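Colleague: I have a model open and would like to go through a few spots in it with you. Could you take my questions one at a time?

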Amino acid sequence: MSLETAVALVAFAFAMSVSPGPGNFLLLASGGNFGLRRTLPLLFGISFGFLAMVFGVGMGLGQLLKANPGIGLVLRLACTAFIVWMAWKVAGSRNLGIGSGRSMERPFSFLQAAFLQLLNPKAWGVALTVTVTFLAPDASTSELLLLIGIFALVNLPAIGLWAVSGHWLRRSLSQGNRLAVFNMAMACLLVLSTLPMFLMAAE
């Protein structure tokens with residue numbers, strides 16, 4: 001991979017990683033409710049799920065998706081159902097992840113986060129784009145792994161900004177009913193983040 005290609009890949013990875021989406025809204029909500037340390041499994045799960053997807057696409061899954069448009073519809077429906085369930089969990093929380101009552105007693109797990117990414121058709125689209133744009137058709141597995149490594153180095157700190165931002169809000173959110181309002185807003189954003197998947201499919 002040339003230096004110019006690597007620089008372009010870093011810029012693309014940062015733009016795609018830091019932009020709003022279901023995973024980043026979840027990181028913001030989790031950081032606000034549980035703090036940064038307890039949000040790390042969610043952070044690593046989101047990144048791992050996407051990078052595993054890039055590997056799968058690079059090894060040939062991309063052609064399967066292109067040849068079977070119905071798979072995209074199934075992914076959109078499954079992803080929407082999963083995100084709505086996550087949004088319901090977030091919206092119902094009324095304290096900072098401790099104690100009883102209407103609260104999320106634990107953050108979303110590594111596996112739940114990875115599963116979300118694997119159901120996310122937008123993430124599949126980014127995975128297809130990055131492999132087609134930055135890999136030659138005859139690229140070796142080692143070149144694919146290099147691409148994934150570079151993307152990971154950018155992706156983790158970029159999406160981590162959302163978790164850190166939520167963590168910084170914890171003290172403010174502990175006052176009054178701010179956390180309830182924050183969680184309702186995060187739940188709404190999670191549900192709204194599914195709309196682009198169906199708008200893109202309609203085009």
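Predicted model: local features only at pLDDT ≥ 70, side-chain atom pairs only at ≥ 80, totals over all residues.

Colleague: Where is Thr133 placed, and what does its side chain reach?

Modeller: Thr133 lies in helix 6, which covers residues 121–134, and from there its side chain reaches the backbone oxygen of Thr129 at 2.7 Å. In space, Thr133 is also 9.5 Å from Thr5, C-alpha to C-alpha, although 128 residues separate them in sequence.

Colleague: Moving on to Asn33, is that one buried or exposed?

Modeller: Asn33 is buried, with a relative accessible area of 0%; this residue belongs to helix 2, residues 22–34, and its side chain reaches the backbone oxygen of Ala29 at 2.7 Å.

Colleague: New topic: how do helix 1 and helix 7 cross?

Modeller: The axes of helix 1 (residues 3–18) and helix 7 (residues 141–168) come within 8 Å and cross at roughly 35°, and the crossing is right-handed.

Colleague: Which residues make that contact?

Modeller: On the helix 1 side they include Leu9, Phe12 and Phe14, while helix 7 contributes, among them, Ile150, Phe151, Asn155 and Trp162.

Colleague: And how many are nonpolar, polar or charged?

Modeller: By class, the contact between helix 1 and helix 7 has 14 nonpolar residues and two polar ones, with no charged residues.

Conventions
Residues numbered from 1 in each chain as written. Heavy atoms only, no water. Helix = DSSP H or I, 4+ residues; strand = E, 2+ residues; numbered from the N terminus. Buried < 20%, exposed > 50% of the residue type's maximum accessible area, 1.4 Å probe, protein only. Polar contact = N/O pair within 3.5 Å; in protein donor to acceptor, adjacent residues only side chain to side chain. Axes fitted to C-alpha atoms, helices over the stretch in contact; angles between N-to-C directions. Left-handed = near helix turned anticlockwise from the far one by under 90°. Contact = heavy atoms within 4.5 Å. Nonpolar A, V, L, I, M, F, W, Y, C, P; charged D, E, K, R; others polar.
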